[in-house]
Structures are given as structure tokens and as C-alpha cells.
Amino acid sequence: MAKYLLGVLCVAAMAIFALPLRAADDVVTAVHGTVTKVDSDTKTIVVKTKDGTEHSIHYVDKTAVHGADATEAGAKDSYKGIKEGSDVVVHYTEKGTVKTGVEIDRVGKDGVKTVDGTVEKVGDGGKTVVIKGADGTEHTFRVAGHDTAVSAEEIGKGTDKGAKVTVYYTESAGKKVAHFFEKI
């Protein structure tokens, strides 16, 4: 009986240590920039941010793409319509040094829309955010995805309330859905 109990405790201890590692692997980060390269052979895109940093991000069959042009989806120098010069927000996970795209949002016409403004209010759990635009109009956004909700919660914790941000969003069933917040 003692050996059995010891075995159960060892398995439980390993599970306790493994769970935080698994959770850390699933953290989603987002980056906004311009696609400088699409390589269909290695299934990677390179995104260059405003500060000049380049991020090489792998894409997989299940990587979701929003706002891509369907007529360009089959081109060799594009991935589902995302091509060199596209303005994008890429949500990715990172394991070691490998970044894998979860979602790619093309910014602009027929893609993800943007609005600049000041954070007025963040709902419980970061599920909604109210942004006041330069013209005084208040925009209420539902928040999509866990990583975006975490960003919204951080904004709402006090020091960032009133921060100037750009919200990248889509519209669904008459509601604005925020996909990414970027401090201005």
C-alpha cells in the first residue's frame, strides 16, 4: 500500500510541475507590423514592427487569417492572401525560439479596422472596453481571445486607464469586437 501511495504522490507531483509549464507554452502574444517576407517552403512570414524589430513566425494549416483577399489566397508569395507589404497583427505562441501563428489579422480595407482613442472604462475580466475617440464618440468593444482580454485587464488596472490606444477590431452582428490593443 505504501508503494502505491508513493507512486500516486510522485505522479501527482509531476503533474503539478508540468501544468504550469504547459500553461506557459500556451501564452499568446501579438505583434503589429508589415510583412517583409512570405516563405511558403518553410511556412514562415517575417513581420517588421515600427521599431525595426523583425519577427519570424511560422504558420500552420490551422492558423486563422482575417481580412485576406480570397483571390490572392493561392499565390506562392502569399499565405491565404497575406503577402509582402501587408499591414498585419499576428497573434502567436512561442515555444523556445519558435513562434507559431495562431491568428493573422490584415489591417485596412476589407480587413481589421482601427480606431484611436482614450481608454474610458474596462469591464469585469476585460470582456468589454470603452474607448473615447478624438471626436468625443464613445466606442464599446467586446474583447476576442484570452490574450486580448489580458491586455484589456492590464489597461484597466489603473495606471493605464486613460491611456491612448489604437484598437484593432472587426464587426460581427452589429457589435465591435476588439482583437488587439496597441498603446500610442
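Modeller: Gladly; what follows takes the labels one by one, and please keep in mind that this is a predicted model.

Colleague: Why is Thr140 called partly exposed?

Modeller: Its relative accessibility is 49%. Buried would need a value under 20% and exposed one over 50%, with partly exposed in between, so at 49% Thr140 counts as partly exposed.

Colleague: Where does Thr140 sit, and what does Thr140 touch beyond four places away in sequence?

Modeller: Thr140 belongs to strand S11, residues 138-143. Leaving out residues up to four places away in sequence, Thr140 touches Val129, Val130 and Lys176. Contact here means heavy atoms within 4.5 Å. There is also a C-alpha separation of 9.2 Å between Thr140 and Ala178, which are 38 residues apart along the chain.

Colleague: What makes S9 and S10 a pair?

Modeller: The requirement is at least two bridges between two strands. Strand S9 (residues 113-122) and strand S10 (residues 128-133) have 5 bridges, in the antiparallel sense, so they count as paired. Within this pair, Val122 stands opposite Val129 in S10.

Colleague: Which strands close into the barrel, and in what order?

Modeller: The barrel has 5 strands, in the order S9-S10-S11-S13-S12, with mixed pairing. From one strand to the next, the twist averages 55°.

Colleague: Which residues have the most contacts inside the largest nonpolar core?

Modeller: They are Ile45, Val47, Ile57, Val88, Val90 and Ile104, in a core of 14 residues. Strand S1 (28-39), strand S2 (44-48) and strand S7 (87-95) each give two or more residues to this core. Apart from it lies another core, of 12 residues, including Val115, Val119, Val122 and Phe141.

Colleague: And what does Val47 touch, not counting residues up to four places away in sequence?

Modeller: Val47 touches His32, Gly33, Thr34, Val35, Thr53, Glu54, His55, Ile57, Val88 and Val90.

Colleague: Last one: what share of the contacts with a separation of 6 or more comes from residues 24 or more positions apart?

Modeller: That share is 51% for this chain.

Methods:
Residues are numbered from 1 along each chain as its sequence is written. This is a predicted model: local features need pLDDT of at least 70, side-chain atom pairs count only at pLDDT 80 or more; totals for chains, interfaces and linings use all residues. Side-chain values use heavy atoms; hydrogens and water are left out. A nonpolar core is a set of buried Ala, Val, Leu, Ile, Met, Phe, Trp, Tyr and Cys residues joined through side-chain atoms within 4.5 Å. Buried means under 20% relative accessible area, exposed over 50%, partly exposed in between (1.4 Å probe, protein chains only). Axes are lines fitted to C-alpha atoms, for helices over the stretch in contact, and angles run from 0 to 180 degrees between N-to-C directions.
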